[in-house]
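Here's a protein model to explore together. Take a look at the sequence and the fold, and then we'll walk through a few spots.

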Amino acid sequence: MSSSPATIGTYNFANGTTYNIRVWTTNPNGFADQQIMNDTLYFTVCTALNGVYDIAGASPDYPTINAAIAAMSCGGILGPVTLNLAQGAGPFTEQVIIPQIIGSSAANVVRINGGVNREVVQYGATTTNERSVFKLNGADYFILDSMRIINTGTTYGYGVQLTNSADNNIVRNC
């Protein structure tokens, strides 16, 4: 069995974007493929975040905080990341569960910034299983900054919960 490289060109992947890629063969070794069920490969490529991103508003990089966290969870980060909540776009009604993010460190901190208006992030917990608005579930080196965190649940609720060795995190001006 032999192999040879195939050049398919170049593409510049944008930071913080998820790409679904499909690759297939046609006429392998110059003959019609007799097993077409096994000739296609699907995979997802996520690029890392690095820099400043806008959440919600008129022309956001991400529509929600959770969408930005999902992008970081998939591709990690390459440098410091700031997620700016669009001023006047709140309240942001979502539960934000942040897992460990590849690439976060003392030099590569993720800051979620509510801005001068101190945007509201709220969630109404209804069960004992997930009680918090922000849950840092093993996440390290996050800063929750300048926002109002409100748990609207009537029975259960935490504003911020750190669990599973979530270390080196800061909650400031909240």
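How many aromatic pairs does the count come to? The count comes to four aromatic pairs, where rings of Phe, Tyr and Trp (its six-membered ring) pair if their centres lie within 6.5 Å; planes under 30 degrees apart are stacked, over 60 edge-to-face and the rest tilted. Here are two of them, Y11 with Y19 and Y53 with Y62:

| Pair | Centre to centre | Angle between planes | Type |
|---|---|---|---|
| Y11 and Y19 | 5.9 Å | 80 degrees | edge-to-face |
| Y53 and Y62 | 6.0 Å | 55 degrees | tilted |

Before going on, a word on the ground rules. This is a predicted model, so local features need pLDDT of at least 70 and side-chain atom pairs count only at pLDDT 80 or more, while totals for chains, interfaces and linings use all residues. Residues are numbered from 1 along each chain as its sequence is written, and side-chain values use heavy atoms, leaving out hydrogens and water.

Y11 is exposed, with a relative accessible area of 53%, whereas Y19 is buried at 15% (buried means under 20% relative accessible area, exposed over 50%, partly exposed in between, with a 1.4 Å probe and protein chains only). Ring pairs also bring in F13, linking Y11, F13 and Y19 into a cluster. As for Y53 and Y62, both are buried.

Next, the inside. The largest nonpolar core has 29 residues; such a core is a set of buried Ala, Val, Leu, Ile, Met, Phe, Trp, Tyr and Cys residues joined through side-chain atoms within 4.5 Å. I65, I98, I112 and F134 have the most contacts inside this core. Among the elements that give two or more residues to the core are helix 1, strand 6 (96-99) and strand 9 (132-137); helices (H or I, at least four residues) and strands (E, at least two) are DSSP runs, numbered from the N terminus. Helix 1 gives the most, with five residues. In soluble globular proteins, nonpolar side chains tend to be buried together. I112 touches I65, I98 and F134, among others, not counting residues up to four places away in sequence (contact means heavy atoms within 4.5 Å).

Is K135 buried or exposed? K135 counts as buried, at 11% relative accessibility. V96, I97, I98, E130, Q161 and T163 are touched by K135, not counting residues up to four places away in sequence.

Finally, there is one disulfide, meaning a pair of cysteine sulfur atoms within 2.5 Å. The disulfide joins C46 to C74, with an S to S distance of 1.6 Å. C46 lies in strand 2 (residues 40-46) and C74 in helix 1 (residues 65-75), so the pair ties together parts that are 28 residues apart in sequence. C74 counts as partly exposed, at 44% relative accessibility.
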